[in-house]
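Let's take a walk through this structure together, one part at a time. Please keep the sequence and the 3D view at hand as you read.

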Amino acid sequence: MPLAASPQAPATPSTAPSPVLSASVPAPAVTAGTGPAGSLRTTGSATVALTFDDGPWDDTPAVLDLLAQYHIKATFCMIGKQVAAHAALVQRMVAEGHTLCNHTWSHDEMLRTRPADRIRADLQRTNDAIRAVAPGAAIPYFRAPGGNFSPQIVSIAADMGMTSIYWSVDPQDWRGPGVQSIITNVLTNTRPGSIVLLHDGAGPQTVTALRTILPDLASRYTLNALPNAGSHGNA
C-alpha cells in the first residue's frame, strides 16, 4: 500500500507516558508462515491481531486512545523516516504494551528487488531510528510495503531477528473507501487467527471505523498484539 499523503504532522504533545524498556533485547526465534515468501498470514492461534501500517502519523494518537479505551494491544508497523518527529508516540506504544514492527525507512514498494546490502541497510536504518527514541525496544516483526515480500527480503529480515508478517483481512482503508466499507469488510472477514491490516497513516476514516470495529471484535474474539516471534504455529 502506498504511504498515505498528508501535510506535515504537528509536533507531538509532550504528555506521552515514559516507556518502560528492557535493558537488552535478545534476537528472537523467527517463524515461517504460509503467506507470500513464508510470511505469517495468521496468528497461529485463536487470537486476532490488529496491525497498523505507515505511522507514526497524525491519526496515531487517536488510534492509541481508542485501543486504550477498549484495553486492546496492537502491532504498529512503522516508517523509519517518520519516527524521530513522533518520538513520544513510539515511546507511548512501548509503554502501553503494543508490539513494534519494521515497515522500512521510506515505504519503498520495490525494496524486495534491491541488492541485498541495500535491503539490509534500509531495515537496519529503520530499527536504529526506532531504538534511538525507544532504547532497548523489541522489534520482532517486519512487513514489506504493499506486502511485496520475496524470499530474499524475508531471509534478510530473519537474519536480523524479525519475522515477516502478511495479513488475512484487508479493508484497504488507505484508499479511503468510506467508513462503512471499512467496518463491513473487517467485521465480515475476521475469523479466529486473523491478522487484520489497518493504517494509522491513512486518514480519519480508519479512526471513525475503529469506534465500531473495536468493541464488536472485542466482544467476539481475543484481540492482542502479535507476541514475540517464535511462539507461533505454522501460520
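The paragraphs below go from confidence to the sheet, then to one helix and the cysteines.

A word on confidence to begin with: this is a predicted model. The average pLDDT of the chain is 88, and 84% of the residues score at least 70. Two stretches call for some care. Over residues 1-28 pLDDT stays under 50, and the model has 59 contacts beyond four places in sequence for them. Residues 229-235 also stay under 50, with 30 contacts beyond four places in sequence.

Now turn to the sheet. Six strands make up an open sheet, and going across you meet them in the order S5-S4-S3-S2-S1-S6, with parallel pairing. The edges are taken by S5 (163-164) and S6, each with a single partner strand, so one side of each has no neighbour in the sheet. As a reminder, strands of a sheet pair through backbone hydrogen bonds, either parallel or antiparallel.

Let's look at two of these pairings. Strand S2 (residues 75-78) joins strand S3 (residues 99-102) over four bridges in the parallel sense, and Met78 stands opposite Asn102 in S3. Strand S1 (residues 49-55) runs parallel to S6, and five bridges join the two. If you want a landmark here, find Thr51, whose bridge partner in S6 is Leu197.

Is strand S6 largely enclosed or left open by the rest of the structure? Five of the five residues of S6 (residues 195-199) are buried, so the strand is largely enclosed by the rest of the structure. Both of its faces are covered: Ile195, Leu197 and His199 are buried on one side, and Val196 and Leu198 are buried on the other.

Helix H4 (residues 151-159) is our next stop. Its buried residues include Ile153, Val154, Ile156 and Ala157. These cover an arc of only 160° around the axis, which means that they lie on the same side of H4. Helix H3 (116-133), strand S4 (141-142) and S5 are among the elements covering the buried residues of H4. On the face turned away from that buried side you will find the exposed residues Pro151 and Asp159. After H4 comes Gly161, with a positive phi near 85°.

Finally, the cysteines. Cys77 has a relative accessible area of 1% and is buried, and Cys101 is buried too, at 0% relative accessibility. A search of the whole structure turns up zero disulfides.

Key. Residues numbered from 1 in each chain as written. Predicted model: local features only at pLDDT ≥ 70, side-chain atom pairs only at ≥ 80, totals over all residues. Heavy atoms only, no water. Buried < 20%, exposed > 50% of the residue type's maximum accessible area, 1.4 Å probe, protein only. Pairing = 2+ DSSP bridges. Disulfide = S-S within 2.5 Å. pLDDT = per-residue confidence, 0-100. Contact = heavy atoms within 4.5 Å. Arc of directions from axis to C-beta.
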